[in-house]
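Q: Please walk me through how to read sheets, helix packing and cores in a model.

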Amino acid sequence: MDHSIQDKVSVWLSGNYDQATKNAIANLQPDELADSFYRNLEFGTGGLRGIMGVGTNRMNKYTVGMATQGFANYLKKTYGDEPVSVVIGHDSRNNSRFFAETTAGVFAANGIQVYLFEALRPTPELSYAIRQLGCKAGVVCTASHNPKEYNGYKAYWEDGAQVVAPHDTNIIKEVQKITSFEQVNWNKQDDLIHYIEEDFDAIYLEKVKELSLAKEAIQAQKSMPIVFSPIHGASGKMVPAALKAFGFENIQVVKEQAEPDGNFPTVIYPNPEEPEALTLAVALGKKSGAALVLACDPDGDRYAAVVPNEAGEYELLNGNQTGTLLVYYLLSRKKELGLLTGKDFMVNTIVTTELINKIAEGFGIPCYNVLTGFKNIASIILQKEGKEKFLAGGEESFGFLVGDFVRDKDGVSACALVAEVVAYYKTQGKNVFAVLAEVYQQFGFYKEALISVTKKGKDGAEQIQQLMNQFRTNPPLEMNGSAVEKIYDVKNASLHYPKTQKTEVLDLDKSNVMQFYLADGSKISARPSGTEPKIKYYFSVNTSLSNTSDYRKIEKVLLEKLEGLKTYFS
C-alpha cells in the first residue's frame, strides 16, 4: 500500500477518533482501505458527495464536520460582525438526518444561528427558505439520485442558489485549511438552533400555487387520474399537496414507495431518469388509467413524467421533452393571457436541447445559455434581478424551474405544472405527443440521447481524465458518417474548425466539456460528471417535420441516427 495511505490510516487508528470508527477501519479489506484513504473527499464547487463510511475519502461525521468548519469560517470572514444565519435541510438517505444535525451543531458551535427543518423536506423548499428567512447560506444533506451507498452536502448562498464564483472557490480554500477534525469546534450551542415546522410548508406551497396559468382547465379536469411516486424520498407529502393546491383531486401515491427509506428497497437506483425506477408507478398508472404518472428523486429537485401515447402505451418523457413542453406551454399561455412583459428571459444549459432556444426565439424571448449545473441558471437570475424577469429554465437531467422564488431546480412545482399542461391540452382534445408534434413542425424536430459510462475509484478517475485528454489532443474528424465541422473545447474556451485548422478563442465561462458539431446538424457533448464517477455523452440530432402525421416516422429516422452515434461512442 502507498505510504501516504498508510500514514492516513495510522492517524485515524491512533488519533482521538471514536472506537466504532477504528473498529470499522480494522475490518476493511485492503482495496477498500486504499479507496477510503487514498485522497481527501473533495469539497467541490457544489459541496461534498461520496460513499458513506470511514476514512478521508468518505462521507462521515468527521469529513462533514471539517467541511462545515471551513464553511463557517468563510461565512464569518465574509460578513464580519454582521449576524449570520443558515438553513439546514436533508432528504431520506441513510445518515442524512445525522449529517444535518452534525452540520447544524458545528455552525451553532461557531456562533452561527441555524434554522433546521424538523424533518426531511424537498431541496427546493430549502432554497426558498434561505431567502424567505433572510439567511446568508444553507446546506442540504443529500446525494440526489445517486445509489444508496452515497450521501452528500450541497452548499447554498444567500440568494438561495448553490454557491458560485467567487464564493465556491473561496469556501474550498477555507475547507482545505481544516486538515484535522480537532480543528473543528464541536461544542454546539443549542440555543442557536431553531426548528422549521410544518407551517412553513404552506408558505412555500402558496408560492407554487401562484404559478398556475389554467385554473379553468384544471377545474374541468380535476378528476383526471394522476399517479405519483416519491421513490422513498422527501417529496411524498409536498408533491401531492402541490397538485391539490392547483386543483387536482384524483391523486394516487404508490404505496410501496411512499415511506421515506434510504435503502430504496424497491429500485436499483432512486433515479427518475431510469425507467426501472418507475416500474411500480407505471404499473399503478396502467391499472388506474392515469392520464399522468409522476415521480421525484430522493431530495425532490428532479422529476419525471410518464404519459399514455396515441396507442395507449405509457411512455417516459425525457428531460428535454418535458422541458420543451413546459417552455412552449408557458410562453404560449402567457402570450395568450397578455402576461409577457417585454423584459422576460429564459435560461438553458449547453447540453440541453437547442429546441428550447428556438422556441424562445420564436416568441421573441431572450434565452441565455450557461454551463451545466442549475447554479449557473441561478447565477443569471441573480445578475438580472430587478432588470429582467426570469420565466423558466431547465436542464436535460430532469430539472426545471419556473419563477424565481426558488433558485434551484424544483421537482415539486414542475410536477404540478406538468399536470397542468396535460390538463390544459386535454380540454382541447390533444395528448402530449400531438402537442410535441406541433412544436416540432413549427420549430424543428430535435431528438436527444445520453450515455453514462461509470468509472469507479482512483483508476476510473484517471481513465476519465485520459479520455478527455484524448478528445483534446486527437479529436475525431467524423462520427457516424458525418464530418466534424467544429469542435468547442469549453475548458479552454476555444472553437476549432478541423477543415480550415482555424481556432477562435472565446470569452466564455470554462468547464471540462468537449462539444462536436457535425455536418448533418448533430451535436455531441462529452462531460465528466461533477457528482458521480461517470463520463457522460450527450447526443442531439434534428431535422424538419413538414406534417404532424409523420411524427413517429421521422422520429424513427432520428432514433436510428442516435443509435449510430451511441454505437460509435460505446
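**Reading the model**

A: Strand β4 (residues 137–141) and strand β5 (residues 150–157) pair in the antiparallel sense over 4 bridges. In β5, Y156 is the bridge partner of G138. Helices (H or I, at least four residues) and strands (E, at least two) are DSSP runs, numbered from the N terminus, and two strands pair if DSSP finds at least two bridges between them. This is a predicted model, where local features need pLDDT of at least 70, side-chain atom pairs count only at pLDDT 80 or more, and totals for chains, interfaces and linings use all residues. Residues are numbered from 1 along each chain as its sequence is written, and side-chain values use heavy atoms, with hydrogens and water left out.

Q: Which strand order does the open sheet of 6 strands have?

A: Strands of a sheet pair through backbone hydrogen bonds, either parallel or antiparallel. Here the order is β1-β5-β4-β2-β3-β6, with mixed pairing. β1 (47–51) and β6 (193–196) each have a single partner strand, so one side of each is left without a neighbour in the sheet. From one strand to the next the twist averages 15°.

Q: What does helix α4 lie across?

A: Helix α4 (residues 61–79) lies across β1, β2 (85–90), β4 and β5, and runs at about 5° to β5. Contact means heavy atoms within 4.5 Å. Axes are lines fitted to C-alpha atoms, for helices over the stretch in contact, and angles run from 0 to 180 degrees between N-to-C directions.

Q: How do helix α12 and α15 pack?

A: Two packed helices are described by the angle between their axes and the distance between the axes. For α12 (residues 319–336) and α15, the angle is about 65° and the axes are 11 Å apart. On the α12 side the contact is made by L326, Y328, Y329, S332, R333 and E336, and on the α15 side by L417, V418, E420, V421, Y424 and Y425.

Q: How many residues are in the largest nonpolar core?

A: A nonpolar core is a set of buried Ala, Val, Leu, Ile, Met, Phe, Trp, Tyr and Cys residues joined through side-chain atoms within 4.5 Å. Buried means under 20% relative accessible area (1.4 Å probe, protein chains only). The largest core has 113 residues, and F400 is among those with the most contacts inside it. Helix α15 (residues 411–426) gives the most to this core, with 12 residues. A second, separate core of 35 residues includes L41, Y74, I88 and A108.

Terms used
Buried means under 20% relative accessible area, exposed over 50%, partly exposed in between (1.4 Å probe, protein chains only).
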